[in-house]
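Welcome! Please work through the exercises below with the sequence and the model open beside you, and try each task before you read its solution.

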Amino acid sequence: MLSCSCPDRGGVAGVHRSARRGQHQLEAFRPSQTAKGSTPNVDRTPLSLFPTRVVWTLALNNQLSAAPTYDSTRAYFPIEGGRIVAYTLATGVREWSVSARPQMEPVAGEGLLFVVEPDLLTARRATDGTVAWQLPFGEKLAVRPIWDNGWLVVATIGGTILAFRGSDGSLMWR
């Protein structure tokens with residue numbers, strides 16, 4: 001099961017394989033809470049790492065083509081057939097689906113979803129999946145890109161490290 005904490009929602013999302021081959025499910029959880037004004041029951045069982053309850057469950061009905069990624073409000077799933085699908089973590093509602101051929105796990109940051117595609121580095125708007133910018137990029141990456149503090153950093157198998165401004169794709173450092 002892959003998980004990601006969602007601090008602004010106070011919950012956790014996760015993906016797991018079901019018993020049927022090739023099926024994946026997305027589940028969102030919220031921390032268990034005691035009703036206001038009530039006295040908590042004394043429970044002597046050991047606490048789990050994440051005391052949660054299932055909020056919603058959704059069958060993806062497709063194979064994942066790469067690991068999913070998350071931001072504070074959405075989960076992004078690269079699925080078979082050259083698609084990326086975005087779901088709202090709070091409700092499980094599908095927000096958008098676009099054609100894309102991710103070669104590895106996408107990266108989310110600064111309201112964008114960064115996707116390494118064959119010969120392209122693409123930034124898509126997290127709100128609707130439209131292309132914000134694209135750069136020709138034929139070098140094979142050693143690991144998935146990293147986004148931090150407004151920069152998208154990539155490392156090629158040839159040992160080159162490149163840093164792009166996340167907002168517009170400008171090369172900032174080589």
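**Exercise 1. Is Arg174 buried or exposed, and which residue does Arg174 form a salt bridge with?**

Step 1. Start with accessibility: Arg174 counts as exposed, at 58% relative accessibility. Here buried means under 20% relative accessible area, exposed means over 50%, and partly exposed lies in between (1.4 Å probe, protein chains only).

Step 2. Now look for the partner. Arg174 forms a salt bridge with Glu139, and their closest N and O atoms are 3.9 Å apart. A salt bridge needs a side-chain nitrogen of Lys or Arg within 4 Å of a carboxyl oxygen of Asp or Glu.

Step 3. Glu139 sits in the loop between E12 and E13, while Arg174 belongs to the segment after strand E16 (171–173), so the pair ties together parts that are 35 residues apart in sequence. Glu139 is partly exposed, with a relative accessible area of 35%.

Before you go on, a word on the model: it is predicted, so local features need pLDDT of at least 70 and side-chain atom pairs count only at pLDDT 80 or more, whereas totals for chains, interfaces and linings use all residues. Residues are numbered from 1 along each chain as its sequence is written, and side-chain values use heavy atoms, with hydrogens and water left out.

**Exercise 2. How many salt bridges does a search of the whole structure find? Describe the one between Glu105 and Arg144.**

Step 1. The search finds four salt bridges.

Step 2. In one of them, the side chains of Glu105 and Arg144 meet at 3.5 Å, N to O. This pair links distant parts of the chain, 39 residues apart: Glu105 is in the loop between strand E8 (94–99) and strand E9 (107–109), and Arg144 is in the loop between strand E12 (131–136) and strand E13 (146–148).

Step 3. Check accessibility: Glu105 is partly exposed at 23%, and Arg144 is partly exposed at 31%.

Step 4. For another example, take Arg165 and Asp168, whose closest N and O atoms are 2.8 Å apart. Arg165 is partly exposed at 31%, and Asp168 is partly exposed at 35%.

**Exercise 3. Which residues touch the most other members of the largest nonpolar core?**

Step 1. Know the term: a nonpolar core is a set of buried Ala, Val, Leu, Ile, Met, Phe, Trp, Tyr and Cys residues joined through side-chain atoms within 4.5 Å.

Step 2. The largest core has 14 residues, and those touching the most other members are Phe114, Leu121, Trp133, Phe137 and Phe164. Two or more residues come from each of strands E10 (112–117), E11 (120–125), E14 (151–155) and E15 (161–165). E10 gives the largest share, three residues.

Step 3. Zoom in on Trp133. Beyond its neighbours within four places in sequence, Trp133 has contacts (heavy atoms within 4.5 Å) that include Leu112, Phe114, Leu121, Leu152, Arg165 and Asp168.

**Exercise 4. How many helices and strands does the protein have?**

Step 1. Count the elements: there are zero helices and 16 strands. Both are DSSP runs numbered from the N terminus, helices being H or I with at least four residues and strands E with at least two.
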